[in-house]
Amino acid sequence: MPPGGWCLLCFGLVLSSVCASAESAAPSNLTTAPLNVLLIIVDDLRPSLGCYGDKLVRSPNIDQLASHSLLFQNAFAQQAVCAPSRVSFLTGRRPDTTRLYDFNSYWRVHAGNFSTLPQYFKENGYVTMSVGKVFHPGISSNYSDDSPYSWSIPPYHPSSEKYENTKTCRGPDGELHANLLCPVDIADVPEGTLPDKQSTEQAIRLLEKTKTSTRPFFLAVGYHKPHIPFRYPKEFQKLYPLENITLAPDPEVPAGLPPVAYNPWMDIRQREDVQALNLSVPYGPIPVDFQRKIRQSYFASISYLDTQVGHLLSALDDLQLANSTIIAFASDHGWALGEHGEWAKYSNFDITTRVPLMFYVPGRTAPLPEAGEKLFPYIDPFNSVLELTEPGRQVTDLVELLSLSPTLAGLAGLHVPPRCPVPSFHVELCREGQNLMKHFQVEDVEGDPHLRGNPRESIAYSQYPRPADSPQWNSDKPSLKDIKVMGYSIRTIDYRYTVWVGFSPHEFLANFSDVHAGELYFVDSDPLQDHNMYNDSQGKDLLRAFDAMILANHRGGHI
């Protein structure tokens, strides 16, 4: 049986059973054929893309998607680490509700039998399919990617992903190593392929199968890059000569940063090429020449990812599905490349919580393509001259990744789940995030349209746990039992405020009377968030208001 053959066989069997109950399962509020959904989830991608204003990174295919999409400039993840973030936006609940702050529990057993985004579409007549890293693998998705609840057919994982952290990186000595920097010759790696390439191929096979179906599909495709190690085809390194690579604008640990707020990037230190640098723990620093190589490989990984997205969207066009498919593109969280002296996620700064988020909706964010017209022709990032693609309509309001679930439901014409009550552990289907549908209404009004509505909605909450007040070996990824401090962070258009308070892992409760440290950044004058004004007199009046908002959010799951 060919790669992915089992899933394709299952697909055919599922279609026959779904069609039998199509009338009863179809959304009742739709008068036309329901739209398909293609959800693209990327791992560790900060908004280092041309459509977000990055002048160095070559991402022409994602930029092309952005030109036909509604793009959110200020979208934020709820926790800057893979499993908690993915469970949060796929269930529409905050980490304090899923009670997942690490990788070591399954929310249906540990917190509540919460419905998921794909499960909701499945229960409304969609064939739901998962390719690559959508849920985080392991116990956090019950070792099954939450099957059979979320998916109509068994989720697909590329066979080559098991080599990601093995010794497949050829070093200057000619030997194979488990390195951070890992440009490879594809012909030289196990199976002669890479995970994201396999995922693209499988996703295209599944799209081809949908041509014979009358049922709508929900296809989630999860890409690994630019997650570490930076294992990508070596030719992409040529796009980023080291002499063109600049360093982070704020490569030093800020003087006013509380130790509890710092992450010591321990997983980076475990790679063989980084170990050879003999860095001091916890603050480093990394030598400047190696900093440039890290940034070079991160950007090269993005361009490799861009080609995979380009091939996928081009296939969608070729199959004449672009006029009937919603496309959502998002990352689970960001990534620091030397900012604040950090080289990972695991924090509450914008650099690790801000994510790309865009939605293409046929006929709404872009005109329907005419017969024979291609919206997403593949663009080669190696073209010496790339035509600048302007992004489509942009939203500057602050939004949360938590809003992905209700927004996709609304865009597809399904009933948007209700807001969660307090508490909501007993409620299977509800949402803690805002529905972003209002941003898709194009209105001819005077003034700034982003100022309409309740300004309290333009707020984003994030959080991160720590085992101690100072950096230690498990500061980046503490297990639940070791969490002693929780950093609750609120981002408004003007401020980033974080309060680090005592936390009980047994009761899942924060003690806001037990303040360990605080951070307050004035974003307008300090956009990189390097000057902590928490102890400055001009911030005192703000702190009381922010504390009240964070406390209400913690107790109720939402504002």
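**Exercise 1. Which residues is R295 in contact with, leaving aside its neighbours within four places in sequence?**

Solution. The model is predicted. Start with location: R295 sits in helix α11. R295 has 6% relative accessibility, so the residue counts as buried. Buried means under 20% relative accessible area. Now list the partners, with neighbours within four places in sequence left aside: R46, I245, T246, L247, A248, L337, E339 and W343.

**Exercise 2. Does the span of helix α8 agree or disagree with 1.5 Å a residue? Work it out.**

Solution. Helix α8 covers residues 195-210, which is 16 residues. The expected span is 1.5 Å times one less than the number of residues.

**Exercise 3. Describe the packing of α8 against helix α11.**

Solution. Take the geometry before the residues. Two packed helices are described by the angle between their axes and the distance between the axes. The axes of α8 and α11 (residues 288-318) come within 10 Å. They cross at roughly 10°. Angles under 35 degrees count as roughly parallel, and α8 and α11 are therefore roughly parallel to each other.

Now the residues. From α8 come D196, K197, T200, A203, I204 and L207. From α11 come Y304, Q308, H311, L312, A315 and L316. This contact divides into seven nonpolar, three polar and two charged residues.

Then turn to burial. Among the buried residues of α8 are D196, T200, A203, I204 and L207.

**Exercise 4. What is the strand order of the open sheet of seven strands, and which are its edge strands?**

Solution. Read the order across the sheet: β3-β7-β1-β9-β10-β2-β11. The pairing is mixed. The edges are β3 (127-132) and β11 (394-400), each of which pairs on one side only. On average, neighbouring strands of the sheet are turned by 15° against each other, direction ignored.

Now take one pair. Strands β1 (residues 36-42) and β7 (residues 217-223) run in the parallel sense and share six bridges. V42 stands opposite Y223 in β7.

**Exercise 5. Which strands does helix α3 touch on the sheet, and how many of the residues of α3 are buried?**

Solution. Helix α3 (residues 60-67) touches β2 (70-76), β9 (325-331) and β10 (354-360). Its direction makes about 55° with that of β10. For burial, seven of the eight residues in α3 count. They are P60, N61, I62, D63, Q64, L65 and A66. These buried residues pack against β2, α11, β9 and β10.

Methods
Residues are numbered from 1 along each chain as its sequence is written. This is a predicted model: local features need pLDDT of at least 70, side-chain atom pairs count only at pLDDT 80 or more; totals for chains, interfaces and linings use all residues. Side-chain values use heavy atoms; hydrogens and water are left out. Helices (H or I, at least four residues) and strands (E, at least two) are DSSP runs, numbered from the N terminus. Buried means under 20% relative accessible area, exposed over 50%, partly exposed in between (1.4 Å probe, protein chains only). Two strands pair if DSSP finds at least two bridges between them. Axes are lines fitted to C-alpha atoms, for helices over the stretch in contact, and angles run from 0 to 180 degrees between N-to-C directions. Contact means heavy atoms within 4.5 Å. Angles under 35 degrees count as roughly parallel, over 145 as roughly antiparallel, 65 to 115 as roughly perpendicular and the rest as oblique. Ala, Val, Leu, Ile, Met, Phe, Trp, Tyr, Cys and Pro count as nonpolar, Asp, Glu, Lys and Arg as charged, and the others, Gly among them, as polar.
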